[in-house]
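Hi everyone, thanks for making time. I'd like to walk you through one model today, so let me put it up on the screen.

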Number of protein chains: 2
Amino acid sequence: MSLEKVCIIGSGNWGSAVAKLIGTNTQRHGDLFESTVRQWVFEEKVNGENLTDIINREHENVKYLQGIKLPENIVAVPDVVESCKDATLVVFVVPHQFVRGVCEKMKGHLAPNARAISLIKGLEITSSGTRLFSEEIERILNIPCAALSGANIADEVAKEKFCESTIGCPNIQDGQIFHRLFDTNYFRINVIQDHVGVQLCGALKNVVAVGAGFTDGLGYGSNTKAAIIRRGLMEMRKFGQMFFGDMVQTETFFESCGAADLITTCSGGRNRKVAEAFVTTGKPIDVLEKELLNGQKLQGTLTAAEVNEFLSARKMVAEFPLFHTVYRIVYENAPVECIVRDI
Amino acid sequence: MSLEKVCIIGSGNWGSAVAKLIGTNTQRHGDLFESTVRQWVFEEKVNGENLTDIINREHENVKYLQGIKLPENIVAVPDVVESCKDATLVVFVVPHQFVRGVCEKMKGHLAPNARAISLIKGLEITSSGTRLFSEEIERILNIPCAALSGANIADEVAKEKFCESTIGCPNIQDGQIFHRLFDTNYFRINVIQDHVGVQLCGALKNVVAVGAGFTDGLGYGSNTKAAIIRRGLMEMRKFGQMFFGDMVQTETFFESCGAADLITTCSGGRNRKVAEAFVTTGKPIDVLEKELLNGQKLQGTLTAAEVNEFLSARKMVAEFPLFHTVYRIVYENAPVECIVRDI
């Protein structure tokens, strides 16, 4: 059996933490993987030097994961085609707006038996339908694509703090290979087959976190927040089962990608924080994005708008009172108290 | 149809918050309940006066729920037999060590069609078996007994902060009656049939909270805590389904009594707090109970010992690594780091 040839597409904060895991595991499991892992790094200058040169000399992504050494078998490559040439396992960890463009460039350069895994959070929702990023990757590259998501903050993973993550992979054999690629004693992987549920959780949790932040802003206690988290988990599951049917399993919501990630996101995280400030300062979301996120867009409010558009087109907003109430508070000036009154 | 005659057995902090809910609802649903609700209050002197006299004059339990007015139809009664005479609905909200004695006194005084509901947290676990408090009430009084549990902190409920709670009641009709007795716009009740799962959650969550407190003491992040909460939820469910079979439903763990209460208990709460101090101070649990709890016993460590004895007798500790690791850390001097290493 020939060895799996791994490449990582992306090198931000999460991509760098994941490179550390993967580089360690390809060395550890030499029976299964080629040791060398190429990582596509979007080239930029850091103090006048190419970031890829710094990574390959210092074994550290000084821009996005400072202070953490990467294994020396991680090789930064500035050209996406070169990075993925003949790869059999492709790990996608780029911001979602780059997926399509990157995949188009990679077309025809992977090994014939290549498989992918998406670590990209979110999904595209429009009034006409939903599309998972794994589906987008499968469509363009014509290879199967699994998904990984969990209660994972990049910096904590990089510092080897214990956490769990979930891989959703319909093909059981591939799932075992991805397990070996990611699992360590501090980053524990559970493999399930429901890759749709894994991705839905990663996208919809941010809407719930906005709701949780509202209750924090209102000064409500931990009972109230626990109720919002619970209702959110139920609506996430209902959304999955209503629009993806039996593909989405109840068990998925007990996994790290489900309940655990939702709890973390509603305890800390930017969505919760900005929503809290929305209540306490009375400022609009776009002003808070400038003040608190350096102008980056908040994921939870964007997703709330997309979900609402999707549900409205189907006359189903009433079936998802928490999602709909978050939308009404952010976009229709509904009183914040609705977050408990109307759900 | 004759009206339901309600009595409340117990008048501590939670019993008083519940009396407020019940007194409001018996007035609101005059088609279903007699307005007057008798509440058994363990008589004690407050500033030289009987607590029952103060409650009946001031409509406030000045000792256990200061600052909250009770509805005037709540009547404090110092004699337990008088309080429950001809009652058709009995709400048990006493500390668990009093259940048996109180039930023995009540025997023969209830209405023939009486039904009970237990708000008592915990269950009796010994090496020979487990017994729920609802079972104990059913056995002594020979009436059916439902259960209520949820993410409910008494003071927050009394102040009308939004939260949810779960009623487990095998009889659907009785479940609807209990729904009307407890549900308000700020205290939202879901009724399910699984009264066993509802009670198991209330007991076992405290063991998980001890584990969560250990990770706080170790300075681990929110990912780690979310992983402990998730694993704990899985072991709670496994315990229920292994020892109570089909009576315990997966859905129960998505209810307020399940995931939501567990989240709250692992975020705040005394079990988490004492476990954190156990790590940071190095002091034994009994010393911390004196220092932090005025000598009261911590529920989570007691339950951990009972659960471990029960599982040991069945050679099943390895099937519940989180429960077992909490036990080993508290009682066998296992290193605290085991909480992530050994689960």
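In chain A you'll find an open sheet of eight strands with mixed pairing, in the order 5-2-1-6-7-10-11-12. Here strands are DSSP runs of E with at least two residues, and helices are runs of H or I with at least four residues, numbered from the N terminus; two strands pair if DSSP finds at least two bridges between them. Strand 5 (74–77) and strand 12 (187–192) of chain A are at the edges, each with a single partner strand, so one side of each has no neighbour in the sheet.

This is a predicted model: local features need pLDDT of at least 70, side-chain atom pairs count only at pLDDT 80 or more, and totals for chains, interfaces and linings use all residues. Residues are numbered from 1 along each chain as its sequence is written, chains are lettered from A and ligands numbered from 1 in the order in which they are written, and side-chain values use heavy atoms, leaving out hydrogens and water.

Back to the sheet. Strands 10 (145–149) and 11 (163–168) of chain A pair antiparallel over three bridges, and A:Ser149 has A:Thr166 in strand 11 as its bridge partner. Helix 10 (256–267) of chain A packs on the sheet, touching strand 10 and strand 11 of chain A; contact means heavy atoms within 4.5 Å.

Now, is A:Ser11 buried or exposed? A:Ser11 is buried, at 8% relative accessible area, where buried means under 20%, exposed over 50% and partly exposed in between, using a 1.4 Å probe and protein chains only. A:Arg270, in helix 11 (270–281) of chain A, is partly exposed at 36%.

Methods: Axes are lines fitted to C-alpha atoms, for helices over the stretch in contact, and angles run from 0 to 180 degrees between N-to-C directions.
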